Amino acid sequence: MAKISLIVNGNPVNANVDPRTLLVQFLRENLRLTGTHVGCDTSQCGACVVHLDGKAVKSCTTLAVMADGHEVRTIEGLAADGAPLHPMQEAFREHHGLQCGFCTPGMIMTAVDLVNRKGHDLPDHVIREELEGNLCRCTGYQNIVTSIAAGAKAMAKSA
């Protein structure tokens, strides 16, 4: 077993884990943070995206021990304390950026990372290119792209 210490959604976490434990397994099974989904186990779909030290990573191919000493933010920790939803979550709700919802946490975490890297004024083609590693099997992506553009603008107002 390996001892790990990390910050998850602003809270300190100490645990003993098998060194082979994936970060997504640790979040879901040990911490019961089930908003991070497992869709493919091969880093293809993006349903498992979380932020590691503020950057989007696919937690299905990241070992929990790799997060030792770092900060992890999941969809459950995205909204500020006391706020009902993060601006990007609200944009997905308002612009119908989801259907079944399975891919939504990963899409939102990817979108927030995108805004943090590329700014608040995002053309559709940039959003589409950046979503290349996230799959949605329900939508035609247009409402997701619209949601991300609206969320990016809303994030600028809330900053």
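Lys153 has a relative accessibility of 42% and therefore counts as partly exposed (buried means under 20% relative accessible area, exposed over 50%, and partly exposed in between, with a 1.4 Å probe and protein chains only). The model is predicted, so local features need pLDDT of at least 70 and side-chain atom pairs count only at pLDDT 80 or more, while totals for chains, interfaces and linings use all residues. Residues are numbered from 1 along each chain as its sequence is written, and side-chain values use heavy atoms, with hydrogens and water left out.

The side chain of Lys153 meets that of Asp121 in a salt bridge, at 3.5 Å from N to O. A salt bridge is a side-chain nitrogen of Lys or Arg within 4 Å of a carboxyl oxygen of Asp or Glu. Asp121 lies in the loop between helix H3 (104–118) and helix H4 (124–130), and Lys153 lies in helix H5 (residues 142–158), so the pair ties together parts that are 32 residues apart in sequence. Helices (H or I, at least four residues) and strands (E, at least two) are DSSP runs, numbered from the N terminus. With a relative accessibility of 64%, Asp121 counts as exposed.

The structure holds seven salt bridges in total. One of them joins Glu71 and Arg73, whose closest N and O atoms are 3.1 Å apart. Glu71 is partly exposed, at 34% relative accessibility, and Arg73 is also partly exposed, at 25%. A network of salt bridges links Asp113, Arg117, Lys118 and Glu130.

A further salt bridge is found between Arg93 and Glu90, with the closest N and O atoms 2.3 Å apart. Both residues belong to helix H2 (residues 87–94), where Arg93 and Glu90 are three residues apart, about one turn of the helix. Glu90 has a relative accessible area of 26% and is partly exposed.

Helix H2 also contains buried residues, namely Met88, Gln89, Ala91 and Phe92. Seen down the axis of H2, these buried residues fall within an arc of 160 degrees, so they line one face of the helix. The arc is that of the directions from the helix axis to the C-beta atoms. The buried residues of H2 pack against H3 and H5, where contact means heavy atoms within 4.5 Å. After H2 comes His96, which has a positive phi, near 55 degrees.
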